[in-house]
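Here's a quick tour of a few local details worth a look. Have the model open as you read.

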Amino acid sequence: MVAMKARELGRKGIVVGDRVALVGDVTGNSDTLARVVRVEPRSSMLRRSADDTDNTDGIERPVVANADQLVIVTALADPPPRPRMIDRMLVAAFDADIEPLLCLTKADLASPGELVSLYAPLGVPYVVLHKGGDLDEVRRRLLDRVSVLVGHSGVGKSTLVNALVPDANRAVSHVNAVTGRGRHTSTSAVALELPEGGWIIDTPGVRSFGLAHVSVETVLAGFPDLVEGTVECPKGCTHLGEECALDAWVETGHADPVRLVSLRRLLASREGAADDD
Ligand SMILES: Nc1nc2c(ncn2[C@@H]2O[C@H](COP(=O)(O)OP(=O)(O)OP(=O)(O)O)[C@@H](O)[C@H]2O)c(=O)[nH]1
Ligand SMILES: [Mg+2]
Ligand SMILES: [Zn+2]
């Protein structure tokens, strides 16, 4: 069915995942048009700040509405994993209050051991995949949920969607042998219904995941075991400097030091250049 935005919605955007109210011809017959007259309240909104290439610094851009699971797709090789990017997508999940799932693809090319141990202290669930391999576990984790796939170009998002959804027909393309980068094959986000129930949203590969809009408090909220330790911190503490009270908190055995290392890595991941490549 084709629907256009009714004028009374004004400049308010509609994004993939939005639930909308329609009027007019909703038969879906060719040459018919329905009108979107209302966007229902959103249960979540995944955002990223615009990056330098968008030339509108600091502006938040919505990515997907109403997702309840953020599937961070990372190839174990070709293109190589970039933990900084994974960290940033995890922060985006905390920010949007969406549960993360780490999806490690191309296990036929490299072993997942190192990445798995890097993320173990964060308690992030993960699945390991290789093309043509068993999809039972990922199917189980996607069942009856609205999951959005995010990750660099060429990590295998569309390949996974095609394996999970018969007739999805998402275009896939090779990773450039010279640069090791994907070709940005998918150019728009598309939501597809899973045969077992639930929705999966394929998105175009991102080069960066700007997080300028995410506060220290938001990241800290993902570390409930450390929150109490920040009571003694100076006002406006970034939890990255010498004055931070968290070092003493973990030294006195109140929390696991590796958790503090992870918190700081995630806090630091918000800073710096927008390009994560
Ligand atoms: N060896 C191997 N190759 C894979 C696997 N999964 C995907 N590929 C290949 O990786 C390449 C890129 O896959 P795509 O599915 O197009 O990647 P994408 O993440 O959708 O990329 P964009 O749409 O550009 O964001 C294709 O040549 C796939 O065949 C895997 O598990 N193992
Ligand atoms: Mg794709
Ligand atoms: Zn602090």
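Asparagine 169 sits in the loop between H4 and E10. Keep in mind that this is a predicted model. Phi of asparagine 169 is near 55°, which is a positive value in a residue other than glycine. Histidine 184 is also found in the loop between H4 and E10. Here are the two residues side by side:

| Residue | Phi | Relative accessible area | Class |
|---|---|---|---|
| Asparagine 169 | near 55° | 69% | exposed |
| Histidine 184 | near 55° | 31% | partly exposed |

A cis peptide bond joins aspartate 78 to proline 79, with omega at about 0°.

Now for H4 itself, which spans residues 157–164. Which of its residues are buried? They are Lys157, Ser158, Leu160, Val161 and Leu164. These residues cover an arc of only 155° around the axis, so they end up on the same side of H4. They pack against strands E6 (69–75), E7 (99–105), E9 (146–150), E10 (190–193) and E11 (199–202), plus helix H3 (136–142).

Then there's the pair H1 (residues 83–96) and H8 (residues 257–269), whose axes come within 9 Å and cross at roughly 90°. On the H1 side, the contact is made by Arg84, Asp87, Arg88, Leu90, Val91 and Phe94, while H8 brings in Arg265, Leu266, Ala268 and Ser269. By type, the residues of this contact split into five nonpolar, one polar and four charged.

Notes. Residues are numbered from 1 along each chain as its sequence is written. Chains are lettered from A and ligands numbered from 1 in the order in which they are written. This is a predicted model: local features need pLDDT of at least 70, side-chain atom pairs count only at pLDDT 80 or more; totals for chains, interfaces and linings use all residues. Side-chain values use heavy atoms; hydrogens and water are left out. Buried means under 20% relative accessible area, exposed over 50%, partly exposed in between (1.4 Å probe, protein chains only). Helices (H or I, at least four residues) and strands (E, at least two) are DSSP runs, numbered from the N terminus. The arc is that of the directions from the helix axis to the C-beta atoms. Contact means heavy atoms within 4.5 Å. Axes are lines fitted to C-alpha atoms, for helices over the stretch in contact, and angles run from 0 to 180 degrees between N-to-C directions. Ala, Val, Leu, Ile, Met, Phe, Trp, Tyr, Cys and Pro count as nonpolar, Asp, Glu, Lys and Arg as charged, and the others, Gly among them, as polar.
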